[in-house]
Amino acid sequence: DRRRLLSVQIVLRSRRALLEGASDWSVEEVALEARRPTLRLTHRSCPTVFVEVSFDQTLAAVRKSELLARACQNPLVGSMVSHIRRWAAERRIVGQREGYLSGYAWGLLVV
């Protein structure tokens with residue numbers, strides 16, 4: 001299925017970007033065979049806490065209204081979303097055409 005293949009490609013490109021860049025994140029596990037391809041990450045400041053990031057194109061359409069609703073409820077959310085999108089752009093790890101997460105998807109990570 002095309003969506004699954006795209007999700008796997010995004011996971012692999014994101015993994016590569018994290019490993020090649022000077023990042024505070026470490027890739028602990030890559031699950032490509034899972035129903036939703038997933039990266040399992042840890043942050044340098046808190047290595048005992050794991051963050052799992054999955055990429056599913058169908059989920060993004062459903063969650064878009066949730067992100068907008070949360071941004072309206074709390075002004076800090078909008079500020080944090082802008083910050084993470086800028087952070088990703090500076091590292092050149094944003095943009096679906098390049099095979100990375102969209103700015104919207106990075107925003108969902110904040111929420």
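Which residue in strand 2 does serine 26 stand opposite? The residue that serine 26 faces there is threonine 42.

## Basis of the model

The model is predicted, so that local features need pLDDT of at least 70 and side-chain atom pairs count only at pLDDT 80 or more, while totals for chains, interfaces and linings use all residues. Residues are numbered from 1 along each chain as its sequence is written, and side-chain values use heavy atoms, with hydrogens and water left out.

## Overall architecture

The protein contains four helices and three strands, which follow one another from the N terminus as α-β-β-β-α-α-α; helices (H or I, at least four residues) and strands (E, at least two) are DSSP runs, numbered from the N terminus. Of the 111 residues, 28% are buried, where buried means under 20% relative accessible area, exposed over 50% and partly exposed in between, with a 1.4 Å probe and protein chains only.

The protein exposes about 7,700 Å², of which carbon and sulfur atoms supply 51%, the areas coming from the Shrake-Rupley method with a 1.4 Å probe. Among contacts (heavy atoms within 4.5 Å) between residues at least 6 apart in sequence, 40% join residues at least 24 apart.

The three strands form an open antiparallel sheet in the order 1-2-3, two strands being paired if DSSP finds at least two bridges between them. Strand 1 (25–31) and strand 3 (46–54) are the edge strands, each pairing on one side only. Strand 1 is joined to strand 2 (residues 38–43) by six bridges, and these two strands run antiparallel.

## Helix 1

Helix 1 (residues 2–20) has 19 residues, which at 1.5 Å a residue should span 27 Å, and its end C-alpha atoms are 27 Å apart, in agreement; the expected span is 1.5 Å times one less than the number of residues. The buried residues of helix 1 include Val8, Ile10, Val11 and Leu18.

The structure holds one aromatic pair. The rings of tryptophan 87 and tryptophan 106 have centres 5.6 Å apart and planes at 70°, so the pair is edge-to-face; rings of Phe, Tyr and Trp (its six-membered ring) pair if their centres lie within 6.5 Å, with planes under 30 degrees apart counted as stacked, over 60 as edge-to-face and the rest as tilted. Because tryptophan 87 lies in helix 3 and tryptophan 106 in helix 4, the pair ties together parts 19 residues apart in sequence. Tryptophan 106 is buried, with a relative accessible area of 11%.

Arginine 92 lies in the loop between helix 3 (75–90) and helix 4 (103–110), and at 70% relative accessibility arginine 92 counts as exposed. Its phi is near 55°, a positive value in a residue other than glycine.
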